[in-house]
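Please read them with the structure open.

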Amino acid sequence: THGFVMAEDGQKMSKSLGNIVSPQDVIDQHGADILRLWVVGSDYSEDLRIGPEILKSQSDIYRRLRNTFRYLLGNLNGFTEDERLDVADMPELERWVLHRLWELDGKLRQACNDFLFHPIFAELHNFCAVDLSAFYFDIRKDTLYCDHAGEKRRRAARTVLDAAFSCLCAWMAPFICFTAEEAWLARDGATEDDSVHLRTFPDIPETWRDDDLAAKWDKIRNLRRVVTGAIELERKEKRIGSSLQAHPVVYANSEDIALFDGLDAAELFITSGATFILDSSPKNSFSLDDVSDAWVVAGEAQGEKCERCWKFLPDVGLDLDHPGTCKRCADAVRHGAG
C-alpha cells in the first residue's frame, strides 16, 4: 500500500488550505536530522502526517538524544584504557546497563533485517530518555562527580558510559547522521579521518547478557517508583527541596526487601539514607496502584549537609582537614579529585 503525506489534522495538503510542509523548509528551520527523525518516527504503513506540532515533538525527541550524547561526552572526558574495568568486577547496576545494550543490539539488527525502523527507534529513544537519563545517569551522577578517580565504582561507570557511547553513535548514525558524526568526532582522540559512517554496529559480547539480573532489576525499579513518588509528594508540598534531604522508610515483604541485599538502596533512590521494614500498609504511607506490597514514608535525613556531594550525613564535619564535607568527600579531595 502507498500512503500519502497529510497535514497533522489528517487533511490533504493543498495550496488553498495553506498547509503544505516542504522538506526544504523543515531542513532550513529545524535541520536535516529533524526531518530524518520524522521519517523514522512515522508509521509508514499508514498515511503520514506532518505539521508544526508534530515537528515540535520530533525536536523534543532530538533534544533528548543530543543531551544523551552531551552527558556521555562530558563524563568520558579523559577516559583511558587503564581505567577500564572487567564486567565481572562491576556493580549490578552497570551489568544491567550492559545487558540492555546486548538486548537492544539484537532487536536493532533484527529491525534492520526486517526493514521495521519505527518500533526500534521508539525503543532506542526510550532507552536514552528513560533507562539512561532518568535512571542510570541520575543515580550515577554522584559517583561520577564525587568519587575519586581510582574508585572501582567510578571506573565501572565510565567503562559502561564508553560502551554506551560506542553503541549509540553507531546505532543512531543511520537516523541522525549529522549529530552522530558530530558526537563521534567530539570524542577525545578522534581525528578528522574518523567517521562514524565508516563503522559497523559494534559486536556485543554474549557475556553481557544476564536475563536473571534484568528480571531482578525490573522489580527493583518498580519498587523504586514508589519511593520516588513519595519523595515527589514531599517536594510538591515544599516539605523538602532535594531528594537528598529524604530518608525513606520502605515497608515491603521479605522477598522485595531481599532484592536490595548487598546494594546501596540510598544510592539507588538518590537519598541520604534508606530503611526497610517488614510490614504492610502503615499509616500516612505512600503507595502506587500498580505496585503491590510496597509502601513508603518519606522521612527526613539526619545529619548536616555535605557541601561537596550535598548529602545529609552524620559524618559531616568529623574530618578536621575538611570540616564541611562527609568522610567520603574528604577522602576524595585528599586523592586529588577536587
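1. Which residue just after H11 takes a positive phi? Gly336 does, with phi at about 85°. Note that the model under review is a predicted one.

2. Helix H11 itself spans residues 327–334, and its buried residues include Cys329, Ala330 and Ala332. These three lie on the same side of H11, because the arc they cover around the axis is only 160°. Helix H5 (117–146) is part of what covers the buried residues of H11.

3. The largest nonpolar core counts 78 residues. Leu101, Tyr136, Leu168 and Met172 have the most contacts inside this core. Helix H6 (residues 152–172) supplies the largest share, 12 residues. As background, nonpolar side chains in soluble globular proteins tend to be buried together.

4. Met172 deserves a separate entry. Leaving out residues up to four places away in sequence, Met172 touches Leu65, Phe69, Phe121, Leu124, Cys128, Cys177 and Ala180.

5. Another core, of seven residues, lies apart from the largest one. Among its members are Cys146, Cys309, Leu313 and Cys326.

6. Between Ser254 and Asp279 the C-alpha to C-alpha separation is 8.9 Å, with the two residues 25 apart in sequence.

Key. Residues numbered from 1 in each chain as written. Predicted model: local features only at pLDDT ≥ 70, side-chain atom pairs only at ≥ 80, totals over all residues. Heavy atoms only, no water. Buried < 20%, exposed > 50% of the residue type's maximum accessible area, 1.4 Å probe, protein only. Helix = DSSP H or I, 4+ residues; strand = E, 2+ residues; numbered from the N terminus. Arc of directions from axis to C-beta. Contact = heavy atoms within 4.5 Å. Core = buried A, V, L, I, M, F, W, Y, C linked by side-chain atoms within 4.5 Å.
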